[in-house]
Amino acid sequence: MKPYTLTLRQAQEMLSGKELTPVELADAVFDRIEAVDNKVHAYVTVTKATAIERARATGSGALGTPVSGIPLAIKDNICTRGIRTTCSSKILENFVPPYESTVTEKLGDYVLVGKTNLDEFAMGSSTENSAFFTTLNPWATDRAPGGSSGGSAAAVAADECIAALGSDTGGSIRQPAAFCGVVGLKPTYGRVSRYGLVAFASSLDQIGPVTKTVEDAAILLNMIAGRDHRDSTSADVEVPDFTKALGGSLKGLKIGIPDEYFIDGMDKEVHQCILKAIDELSAQGATPVKINLPHTGYAVATYYVLATSEASSNLARYDGVKYGVRVDGDNLTEMYFKTRAAGFGKEVKRRIMLGSYALSSGYYDAYYKKAQQVRTLIKHDFEEAFKKVDVIVTPTSPTTAFKIGEKANDPLQMYLSDIFTISVNLAGVPAISIPAGFDSGGLPVGLQLIGRFFDEETLLKTAYTYERATPWHTNRPTL
């Protein structure tokens, strides 16, 4: 087995057993990056020199944390002190944070391989909105890897790191995980600190792991979860050992099947894969229960009012005054205009304008306030459903990976790519995407499992049991 193909658990065992050194593992991963990243373009920044130095330092002492000496990739909207963090935007092209995010701080002496590409400021579903380049899907390089965490998902799928972190605002971990055939976990809102995550929509954003297996996702969640006094939205709730929830029968577990997620227009092969996954969960002891989430049809419109409104507010800070790109003008106002015109891409500008309109005088009640009211109804739908079932089962995406450029000129079609993931963020509940098969073209299909608030244990247990009973997670693309 080549070292770069290892899972996080396997890497832990080999390092602790002295079968492999951190330097050998890091060298293998960087050799892999040099061999295949010209086909995938997963990384905005590769940090080889500092990574090898850190691996060497880790190898000289006892392994202190579950990821000590293990090469991980970090999405480029998560701050890393002293290492460029661009959000794949020209306006932050040369920004080097003076502080560390809470999640990377908690990872301790891991080996940072590099910062992965994303849709600019995490706004997109295909990674085509990066200001620098488009990441390609390792399974078929004419296809999108999903977004906005497309770089992280592609890096994990292509074995260009052992695991990665991404962020999820409306499906940005789960949809690329589905497209790239890996595991992507969006924790409950507040389970993981957002300190050091560059804000897109603050009431929706959540950091989570992108991994090769469910067990690896549980290991990373153990490390990054917990209350943080620097983030007032992080929840003061107990963090269990999520790995202890893995294994055992699903007997007695009720899985909800919502009619609203099996819609006309869904790819037939995706539909068939999800039905087979439900059958497998039943074979493992789970009981399927028909449920309704009646306000699902309003989720996309609600999300794009709220997310763009929060984005227009959060991105007001990029004005060329304190940090980032500055384009000089004859006066302060002209400098603002020129800086933002040159620094932001088309999709970011579109969302800022939409959000500014929704928040403007005379329209606030009609759009933003109404969207918040519908959001409450969507959350209530989940609360009612979880009185009847333990986990909800849906497709992650209505299709497998679409072609690069296929939806680039039709924003509404691109927005609909997230139709099955958006409700989760609006409600704040946790969800995971796991591999559930392949279509006839050899592209991965993702199965989404949705859990109760702060019940990642049941979610991970269900995902792990399904994963152990199926071969899909063992498949890797040929590059």
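## Arginine 174

Arginine 174 has 0% relative accessibility and therefore counts as buried (under 20% relative accessible area; exposed is over 50%, partly exposed in between; 1.4 Å probe, protein chains only). The model is predicted: local features need pLDDT of at least 70, side-chain atom pairs count only at pLDDT 80 or more, and totals for chains, interfaces and linings use all residues. Residues are numbered from 1 along each chain as its sequence is written, and side-chain values use heavy atoms, with hydrogens and water left out.

Arginine 174 lies in helix α6 (residues 174–180). Helices here are DSSP runs of H or I with at least four residues, strands are E runs of at least two, and both are numbered from the N terminus. Leaving aside neighbours within four places in sequence, arginine 174 contacts (heavy atoms within 4.5 Å) several residues, including Asp168, Lys186, Thr396, Asn425 and Gln448. Its C-alpha atom is separated by 23 Å from that of leucine 250, 76 residues apart along the chain.

## The sheet

An open, mixed sheet holds 11 strands in the order β1-β3-β2-β4-β6-β5-β10-β11-β9-β7-β8. Two strands pair if DSSP finds at least two bridges between them. The edge strands, β1 (43–46) and β8 (287–291), each pair on one side only. Twist averages 30° from one strand to the next.

Strand β7 (residues 254–258) pairs with β8 in the parallel sense over 5 bridges. Isoleucine 257 has lysine 290 of β8 as its bridge partner. Helix α3 touches β1 and β3 (111–116), its direction making about 155° with that of β3. Helix α15 (residues 456–469) touches β5 (183–186), β9 (391–395), β10 (431–438) and β11 (444–451); its direction makes about 10° with that of β10.

## Helix pairs

The axes of α2 (residues 22–40) and α3 (residues 48–59) come within 8 Å and cross at roughly 160°. Axes are lines fitted to C-alpha atoms, for helices over the stretch in contact; angles run from 0 to 180 degrees between N-to-C directions. The two helices are therefore roughly antiparallel (over 145 degrees; under 35 is roughly parallel, 65 to 115 roughly perpendicular, the rest oblique). Among the contact residues are Phe30 and Glu34 of α2 and Ile52 and Arg56 of α3.

Helices α9 (residues 299–314) and α11 (residues 346–359) have axes that come within 7 Å and cross at roughly 100°. That makes α9 roughly perpendicular to α11. Residues that meet include Tyr304 and Val305 in α9 and Ile352 and Leu354 in α11.
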